[in-house]
Amino acid sequence: MAEEFNFEQALTKAVEEKVAWFDSNVMVELLDNYRVLYAAANNVQALLLQKGLITADPYKLDKKISDVAIPEEVEFVETERSKVLGVRISDYERMLDFLSNYFKFSVQNLTLPRIKKLIGLNNYFQWGSLTVACRHQNTRVLAELVTTIRQGSDSVATSSINGAISAASKSIVEINGVLKQVSDLRREVYKMDVRRNVIANPSFSWEKGGAIPDVVQQIKKLFPSTMGRQPFYPELVEEIAQESIGPAAIQKQQDLLDRLKIVQQTKERKKVQINTKTLIMDAVRNLASMAPQLELVVSKLRENNSLLQDQYNTPWEKFKRALRKAFGLKPPVIEYTVPVADAMTKTVKNEKVDFRKSLSDISKRMNFYEALASRESPTYQKMEAQGEPEIYSFLTKQLSECQQMLTLLMAYDKFFKNEVESPNKSKVKGLAMETTAIKNTMVKTNQRKAEYAAYVEEQSQMKKLGILDEE
């Protein structure tokens, strides 16, 4: 009995320490990988929308997510692939958003049923087997759409979507590996709970049945009253019996304790000189990935403006347009009074803006970022040739301008939704998806810019202290 008690003590201590270590180390890694997957899926969705290969989900913002779930997977007819895949990749991206920003990653929260759902979500699009020959319909149809982009002449889009798919594929491998480890640990947590709540219960007795099947049946009988609503897993309960009274119980106990040991990865590190130019240029490339969202914004703003201008298309306006065309005069300035929100004061004030100038500024920024996204372009090479302080200043200025642009875009979004009259209100193109994607890109760019600044400052302080990296 003393040996059994000591094993129980050692097991409880090992499980609790392993859970604590997972929560503080492994769960951080899992969250980071889901964030990479979310960013990749977001980029793929934006490119497919930009190219008109899928239809945006009109109810995306109305859908509420409170727990892990797998989007719908029923078979659909190929003629509806644009609409159906548009909804499915939107639902998939929204679930990844939930996991990346709202879900609590911990061993306790990752129950076995939730892990099963996460694995199903990971297989919703098989990023590592994205081919037109894939039997999985979601993956096959997505591969067909991706192939359409790859066969086009837009090298920037091709490079972007290839990069996103590669990142998604790598992150899925990492995620599944971690989920396997968490699943194994959750099994041991479950078994420990059974030992604590069922086997430690006065109604349970090892003497009531010497055979393993009898022990399993005894635990099953006591299970509902001692374990609440937890599911009964007979294979795990049998493992408990094998570890307690099986013919190889002592060896199984030792094997279990060995598996629960925390193995710290003590890799011998070589000091690597980080290329700070690479760090700051990574931030520049991330900023340039905003181009597809800006292209969608320009397209939607044009459509919304046409809807609004049609309301003023009186015979007198038509006559004035004809006169201007006849005499080669410039079209009149289109000025709108839009509700601009002030983030500092939390107030909204109406501002008069020149619509054509806004559209022109966004288009110029879009074209500039498209050129900056390609390493082979003269624009990128010119930027890379500059000094790091100049590139850092460029990023600071660009992020400030993008913030102003984002504020204006949100104002335009509200303006058009309010000003377009009822018969055409349903035709107004909302900008919520694009503004969210732009904001996420800005946040990520700013993070990389901050990482660069922190590293440069650290190196500066080390040099002042006479601490130099060895070659």
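Modeller: Buried means under 20% relative accessible area, exposed over 50%, and partly exposed in between (1.4 Å probe, protein chains only).

Colleague: Why is aspartate 282 called partly exposed?

Modeller: Aspartate 282 has a relative accessible area of 24%. That value falls between 20% and 50%, so the label is partly exposed. A word on the source: this is a predicted model, local features need pLDDT of at least 70, side-chain atom pairs count only at pLDDT 80 or more, and totals for chains, interfaces and linings use all residues. Residues are numbered from 1 along each chain as its sequence is written, and side-chain values use heavy atoms, leaving out hydrogens and water.

Colleague: What makes arginine 285 and aspartate 282 a salt bridge?

Modeller: Their N to O distance is 2.1 Å. The rule asks for a side-chain nitrogen of Lys or Arg within 4 Å of a carboxyl oxygen of Asp or Glu, so the pair counts. Both residues lie in helix α9 (residues 276-288), 3 residues apart, about one turn of the helix. Helices are DSSP runs (H or I, at least four residues), numbered from the N terminus.

Colleague: How many salt bridges does the rule give?

Modeller: The count is 25. One of them joins lysine 63 and aspartate 91 at 2.8 Å, N to O. Lysine 63 sits in the loop between α1 and α2 (81-101), and aspartate 91 in helix α2, 28 residues apart. Lysine 63 is partly exposed, at 29%.

Colleague: How do you know that glutamate 239 and arginine 187 form a salt bridge?

Modeller: Their closest N and O atoms are 3.0 Å apart. That is within 4 Å, so the pair qualifies. Glutamate 239 lies in helix α7 (residues 234-245) and arginine 187 in helix α5 (residues 155-199), so the bridge ties together parts 52 residues apart in sequence. Glutamate 239 is partly exposed at 26%, and arginine 187 is partly exposed at 27%. Both residues belong to a salt-bridge network that also includes Glu8, Glu188 and Arg259.

Colleague: Why is the pair of phenylalanine 103 and phenylalanine 105 called edge-to-face?

Modeller: By the ring rule there are 23 aromatic pairs. In this one, the centres are 5.0 Å apart, with 75° between the planes. Rings of Phe, Tyr and Trp (its six-membered ring) pair if their centres lie within 6.5 Å; planes under 30 degrees apart count as stacked, over 60 as edge-to-face and the rest as tilted. So 75° makes the pair edge-to-face.

Colleague: How many disulfides does the structure hold?

Modeller: It holds 0. A disulfide needs a pair of cysteine sulfur atoms within 2.5 Å.

Colleague: Why is cysteine 134 called buried?

Modeller: Its relative accessible area is 11%. That is under 20%, so cysteine 134 is buried. Cysteine 402 is buried too, at 0%.

Definitions and conventions:
Helices (H or I, at least four residues) and strands (E, at least two) are DSSP runs, numbered from the N terminus.
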